[in-house]
Amino acid sequence: MKNYFKSKGFITVLASVISIVVGLLIGFILLIVFNPAYAVGGLGSIISKGFSSSDKFAKVLYQAAPLIMTGLSVGFAFKTGLFNIGATGQYTVGAFMALVFGIQFQMPWWVCLIAAMIGGAIWGFIPGICKALFNVNEVITSIMFNWLGLFMVNLLLNNMPVMLADHWGASNKDRTAALASANPSAIIPKLGLNELLHSNYMNISIFIAIIIAVVIYIILEKRTFGYELKACGFNKDASIYAGINAKRNIVLSMVISGALAGIGGGIYYLSGTAQYTIVKSLLAMGFNGIPVALLGASSPIGIIFAALFISYIQVGGEALQPEYAKEIIDIIIAVIIYLSAFSLLVKNILGKFIKTDTSNVNAEDKAVTPPEPVPAKPAEVAPTEEKGGNE
Amino acid sequence: MSWTSILADIIGATILFAVPLLLVALGGMFSERSGVINIALEGIMIVGALCSCLTLVGLDKSGFGASHPQLGMFIAILVAAASGAVFSLLLAFASINLRADQTIGGTALNMLAPAFAIVLTWAVQGQGQTTILIPTWTRITQENFGIEKADTFFQNLIFKSFYLTTIVAVILFICAYVLMYKTRFGLRLRSCGEHPQAADSVGINVFKMRYAGVIISGCLGGIGGLAFTVAAGSGFQSSVAGYGFLALAVMIFGNWKPFTILGASLFFALFKIIGSYSDSIPFLPSFESVNSSEYIYLMLPYVVTMIVLILTSKKSRAPKAEGIPYDKGTR
């Protein structure tokens, strides 16, 4: 059973790597079409910029942390059969709660993060309860709550003068105060990592995100609670028949999903380098959780790598300007996800192939336990995917 | 301003913003009732708006637009429909032929479209020029009909906020209803969304029907994109401000049926417009002690929609087979 699971993981990684390579190829073709003179250098900067300096590397980690959280949020809901398109609203409310506790109430950073978690959880709870009690499609409710969250946060911020930058000596009124002047204790600690990497962006948020991803992995894979949630996702009727409280699980799943996105918002805006700007458009970080979750095949561990990868090529994409629009990176990511939709098919074929392979070996000789090399592979492949960017 | 002209403004603006919602939600209806979840509506709108706006600019530069304004607009509508249809083929191919997850394919297209629009706008207009301006001749003016300007109710209504897309939307709405409920094609399409195995067993080609559903949604989505861009009024900036997702909500709100979708889109647009006219409507509270009270009115349509959805949820019924790739082996 274990071998089968691991070889499935290996196939998933392989399929993702294939889509990434094809995505980069299409990106390269676009670079050639739009500006042939810079194409090779452009591809080079997409692939290598993230490791070119410790500052850029710190930026990769800095952006990856909230991406992991929103990716986990979407992925967790996917695992339980829900499509949480509302991660961006939960992210916004989480960011707001973190900033209110940081600036208005002058709390330390960990209190702010808990507040962010609660804010996101509340914003996930409402679509969850609407789905469970009234059977309102969670996609439409979360779309509504994205906008409601954004407008509510903007309305509240405009009526909380202490929150805005101009109350703390800065000149602009359209954004929240910089934490460095308002409340330095609300900034997530850097533990000397900023000096290690010579970058202001670096703090412990990436480790917080990874620890949470591991916790989510344990909940989903090793706990009865996670099993029940997944069972509801696979087949609601069967799980009800088996005595699982499906309604409770829908609500809990949306609450956890919202909490994860909320922490993401908290992590990003408590870094000390970001200020929340009052605009009327939804934040992209929440929507980017969807591609991260899809690329990571909704698995918490896969999401860590997917977020690192997407953050990595986004940092590379910023270096494309001004020769190209940095949105070429979004095209590459879109192509990768489009292909990963196919890869479910490819995976089935590969899966059948490898499954019959291992079962044959098992049948021939049980004593030697030959499938050892197979489980070793996923661990190898995942880092090489990252190293591949190193060159 | 007299109250009649305010009333005309409100009705006109409501229709102006209801048109894109109506068109796109109808598009979503065709796709979903054939059994394909079309979350890519936002992306389809963007592609339709991009191609048609580029066409309008091209017509403007060649001088054709200024001499034949409404014909030029009609060409742009055709381009919007065609480009939306072509883009939707990507969704159809992934979700019908390759039986991929429809949400994943749609999300990828939603990401692809704005990025592609920005890259192409840069390439066409030069670096940093992210707005495609719409020529002014696209408006329907008094001169088109040879009548004099006057401050009457109907002139305020029609010449302030009606475009050719408004008329096309009315015609397409009637066509959509007839096609869905009064033709053999519509019946077959609906059967593919409810029980494709049964449809296949009586000789209906499920793949063809689903392709038709997605392509129709691409056409309507593309035109909806153009309709949104003319309504927004500030030119095309590689975005349709979430209207594709809103249309999805309107479609679910409208219970996957044309007339309720029409009602839902008018309802939503009305509540959206009330906010922007809150100063001119005497009986609405103005929240003077609150800063930026416009956000209260911006939230209004979403809150009202949520309440209506909760109240009517018992009747909501999605097509049974939507989102499930059709596999002949399951017959």
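**Exercise 1. Determine how many helices and how many strands chain A has, and what share of its residues is buried.**

Step 1. In this predicted model, the secondary structure of chain A consists of 16 helices and zero strands.

Step 2. A residue counts as buried when its relative accessible area is under 20%. By this criterion, 54% of the 391 residues of chain A are buried.

Step 3. Consider next the contacts in chain A with a separation of 6 or more: 75% of them are accounted for by residues 24 or more positions apart.

**Exercise 2. State how chain A is divided into domains, and describe the contact between domain 1 and domain 2.**

Step 1. Domain 1 of chain A is made up of 1-35 together with 325-391, and domain 2 covers 54-323.

Step 2. To their contact, domain 1 of chain A gives 18 residues and domain 2 of chain A gives 16 residues.

Step 3. About 1,600 Å² is buried between domain 1 and domain 2 of chain A, and 74% of this area lies on carbon and sulfur atoms.

Step 4. Between these two domains of chain A there are zero salt bridges.

Step 5. On the side of domain 1 of chain A that touches domain 2, the elements giving two or more residues are α1 (2-34), α15 (328-364) and α16 (373-388). The largest share, seven residues, is that of α15(A).

Step 6. Sorted by class, this side of domain 1 of chain A has nine nonpolar, five polar and four charged residues.

**Exercise 3. Describe the interface of chain A and chain B by its contacts, its buried area and the classes of residue on the side of chain A.**

Step 1. The contact brings together 45 residues of chain A and 48 residues of chain B.

Step 2. Chain A and chain B bury about 4,200 Å² between them, with 82% of it on carbon and sulfur atoms. Within chain A, the residues that lose the most area to chain B are M144(A), F151(A) and Y338(A), which together make up 15% of what that side buries.

Step 3. The interface of chain A and chain B has zero salt bridges, whereas two residue pairs are in polar contact, both residues being at pLDDT 80 or more.

Step 4. At least two residues of the side of chain A that touches chain B come from each of α5 (109-134), α6 (138-158), α13 (284-295) and α15 of chain A.

Step 5. By class, this side of chain A comprises 33 nonpolar, eight polar and four charged residues.

Note on methods:
Residues are numbered from 1 along each chain as its sequence is written. Chains are lettered from A and ligands numbered from 1 in the order in which they are written. This is a predicted model: local features need pLDDT of at least 70, side-chain atom pairs count only at pLDDT 80 or more; totals for chains, interfaces and linings use all residues. Side-chain values use heavy atoms; hydrogens and water are left out. Domain bounds come from an automatic or database domain assignment. Contact means heavy atoms within 4.5 Å. Buried area is the accessible area (1.4 Å probe) that two parts lose on being put together, summed over both. A salt bridge is a side-chain nitrogen of Lys or Arg within 4 Å of a carboxyl oxygen of Asp or Glu. Helices (H or I, at least four residues) and strands (E, at least two) are DSSP runs, numbered from the N terminus. Ala, Val, Leu, Ile, Met, Phe, Trp, Tyr, Cys and Pro count as nonpolar, Asp, Glu, Lys and Arg as charged, and the others, Gly among them, as polar. Buried means under 20% relative accessible area, exposed over 50%, partly exposed in between (1.4 Å probe, protein chains only). A polar contact is a pair of N or O atoms within 3.5 Å; within protein, one must be able to donate a hydrogen and the other to accept it, and residues adjacent in sequence count only if both atoms are side-chain atoms.
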